[in-house]
Amino acid sequence: MGIEATLARIAAIEARIDALTNARPTAAAATSFAALLRGNLEAPGATATAAASGSVGLRAPVSASAVGGRMLALARAELGVREAPPGSNDGPRIALYRSAVPGGPVGPWCAYFVSWLARQAGAPLGDRGQGFASVDALWSWARAAGRTYGPEEVPRPGDLVVWDEHIGIVERVLPDGRIQTIEGNTSDSVARRVHDAAGVIGYVRM
């Protein structure tokens, strides 16, 4: 276990201990503390929520969901795919990504890429599993389906991250709070990127 992960767990446990010890000790509190300690030892990377209400909840865990994990494995295997020719929004693999959106025209392909990942992972996007050619359409569907959350929250690996007219998949949250992503149609390729929260519209839970 790395020192940063260890320190994060210690901070989370201390925050919860403070909240529990400020309340009257009860059997329920003792049980809660036992569960807290066990949970923080078993859930790497969980971070404490600093709520003014005194809530002792934790932020979303950093482990990927089953679908998100499968999508990430697929995305990593696509790293280095490039448009052919450059600037064409096309190429043999990119045509494959478009196949996840029946009838999708040649064009910006970041939404095609995540639609393909989701389909290959067994959880196609859309009410009919139709995928999306546009980021706006994907975001609108996800909002209606109750699968979005705001940029102030901590994403899980495997969640989709949405900007204005661009989308990627979260690979991990860095110790400084920035997110490492894998994105299609970034510099004409599938590539890793690191971002701060600036410009993030929100996330889609997979």
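Visitor: What share of the contacts in the protein with a separation of 6 or more comes from residues 24 or more positions apart?

Guide: A contact is heavy atoms within 4.5 Å. Here, 52% of the contacts with a separation of 6 or more are between residues 24 or more positions apart. Bear in mind that this is a predicted model, where local features need pLDDT of at least 70, side-chain atom pairs count only at pLDDT 80 or more, and totals for chains, interfaces and linings use all residues. Residues are numbered from 1 along each chain as its sequence is written, and side-chain values use heavy atoms, with hydrogens and water left out.

Visitor: In what order do the elements of the protein run from the N terminus on?

Guide: Helices (H or I, at least four residues) and strands (E, at least two) are DSSP runs, numbered from the N terminus. The order in this protein is α-α-α-α-α-α-β-β-β-β-β-β, giving six helices and six strands.

Visitor: Which residues touch the most other members of the largest nonpolar core?

Guide: In soluble globular proteins, nonpolar side chains tend to be buried together. Buried means under 20% relative accessible area, exposed over 50%, partly exposed in between (1.4 Å probe, protein chains only). A nonpolar core is a set of buried Ala, Val, Leu, Ile, Met, Phe, Trp, Tyr and Cys residues joined through side-chain atoms within 4.5 Å. The largest one has 34 residues, and Met 71, Tyr 97, Leu 125, Leu 160 and Ile 167 touch the most other members. Helix 5 supplies the largest share, eight residues. Leaving out residues up to four places away in sequence, Met 71 touches, among others, Val 114, Leu 117 and Leu 160.

Visitor: Which residues of strand 2 are buried on each side?

Guide: In a regular strand the side chains alternate between the two faces of the sheet. Strand 2 (residues 160–163) has Leu 160 and Val 162 buried on one side, with Val 161 and Trp 163 buried on the other.

Visitor: How many bridges join strand 2 to strand 3, and how many join strand 2 to strand 6?

Guide: Two strands pair if DSSP finds at least two bridges between them. Strand 2 runs antiparallel to strand 3 (residues 166–173), with four bridges, and antiparallel to strand 6 (residues 202–204), with three. Val 161 has Gly 168 in strand 3 as its bridge partner, while Leu 160 stands opposite Val 204 in strand 6.

Visitor: Is Gly 131 buried or exposed?

Guide: Gly 131 counts as buried because its relative accessibility is 7%. This glycine lies in the loop between helix 5 (110–120) and helix 6 (135–144). Beyond its neighbours within four places in sequence, Gly 131 contacts Ala 100, Val 101, Ser 115 and Leu 125.
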